[in-house]
2 protein chains.
Amino acid sequence: MTIPNPRNLDSLDARIILALDKDPESSALALSRTLGVARNTVHARLARLERSGALSSFSRRLDPAALGYGLIAFLSLAISQTRAGSVENGLEAIPEVIEVHATTGDADLMAKVVARDTADLYRITNQILEIEGIQRTSTAISVLEFMPPRFDGLLNRLAKQESRPPE
Amino acid sequence: MTIPNPRNLDSLDARIILALDKDPESSALALSRTLGVARNTVHARLARLERSGALSSFSRRLDPAALGYGLIAFLSLAISQTRAGSVENGLEAIPEVIEVHATTGDADLMAKVVARDTADLYRITNQILEIEGIQRTSTAISVLEFMPPRFDGLLNRLAKQESRPPE
DNA sequence: TAGAAGTTGAGCAGAAATCCCAATGCCGTC
DNA sequence: GACGGCATTGGGATTTCTGCTCAACTTCTA
């Protein structure tokens, strides 16, 4: 690590990940040539990324549409605070609920849900309403993915932040 | 492909991805042994997953917290429909905006934003408000990641859907 | 100044990838 | 029922990469 870093990743990590974005097939050896660092360094960095938990599961790379779930919706859930545990288990049991955040406000949850179609979404919504502790839901269907999940902007900023080796 | 499939992925694809989730280090040869299919098949499937776009960028596996962005917020943006292009470009230019959906309702956007801290989020929010076409914003800060993004539930369902080879 | 940490270059044995090919079983179609 | 695609399978040969170690060097830190 070149500088005392409040983050877990530094410039080289970012450049490695960006290079892997361009070509996920490239080997550690190819990366070292591209980035101008030693192969051992790339190897050590990748190993550390895995160990530190900076990289999450492989399935995170999935496109839900490829699984047949082309519909994305965001549900606001009003819950009773005393039933938080029950709500957590209930949501966990529904595979279509792929992400949940507890947000500011009066015990509100924000859930990201995928579905095959609107009928499927209706079924899932009812399933959620049956969970003990859920008081109200409000659904916002994504009609267009304005911007697919991305990290390259943040990575590019980080990659350029520190000194770069000559290319 | 065993069956005519409305989806892009079938049971074997799902099982390959699940196995890679358990052990991202496992090779195609190890996967073939684990899953009971030929090594060439695993190789062909992985190649197709990459080509078909079912797997998105490598950076999707990133944990934003590792980049120093520990704060997650969801912004509801009310926009004027006539300025949709301007809004798109404006949001694109802000790296902290990592995901945007156009939702049902009166020309509303839902944006997922990361920030270093609340002050950073305040700065970003102001930056968004300066975009031509943005009328109002409403911010919901994630105080707890109730359920981190996951796909294993959907994958497991898909993996069990069709006939499995004896193990 | 001394120590810790990261990077580097080198080497090496074993494993894996990347090709090839032909045979097979399963499908919908003609 | 015969046919041509399509995916899978098994085997083999060559090239490449991985995984690991080690010592030397630079840089930042205490």
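1. Chain B and chain A together bury about 6,700 Å², and 61% of that area lies on carbon and sulfur atoms. On the chain B side, B:Phe58, B:Arg61 and B:Phe146 stand out: they supply 13% of the area that chain B buries against chain A, more than any other three residues. This is a predicted model.

2. Contacts are even in number on the two sides. 66 residues of chain B are in contact with 66 residues of chain A.

3. Polar links cross the interface. There are 42 residue pairs in polar contact between chain B and chain A, both residues at pLDDT 80 or more. Several elements of chain B each supply at least two residues of the side that touches chain A: α1 (11–22), β1 (71–79), α4 (84–92), β2 (97–103), β3 (108–115), β4 (134–147) and α6 (152–161). β4(B) gives the most, with 8 residues. By residue class, the side of chain B that touches chain A divides into 39 nonpolar, 11 polar and 16 charged.

4. Salt bridges are also present. The rule finds 6 of them across the interface of chain B and chain A. One salt bridge joins the side chains of B:Lys112 and A:Glu99, at 2.5 Å from N to O.

5. Strand pairing runs between the chains as well. Strand β4 of chain A (residues 134–147) pairs with β2(B) in the antiparallel sense, over 3 bridges. Within β2(B), B:Val100 is the bridge partner of A:Met147.

Key. Residues numbered from 1 in each chain as written. Chains lettered and ligands numbered in written order. Predicted model: local features only at pLDDT ≥ 70, side-chain atom pairs only at ≥ 80, totals over all residues. Heavy atoms only, no water. Contact = heavy atoms within 4.5 Å. Buried area = accessible area lost by both parts, 1.4 Å probe. Salt bridge = Lys/Arg side-chain N within 4 Å of Asp/Glu carboxyl O. Polar contact = N/O pair within 3.5 Å; in protein donor to acceptor, adjacent residues only side chain to side chain. Helix = DSSP H or I, 4+ residues; strand = E, 2+ residues; numbered from the N terminus. Nonpolar A, V, L, I, M, F, W, Y, C, P; charged D, E, K, R; others polar. Pairing = 2+ DSSP bridges.
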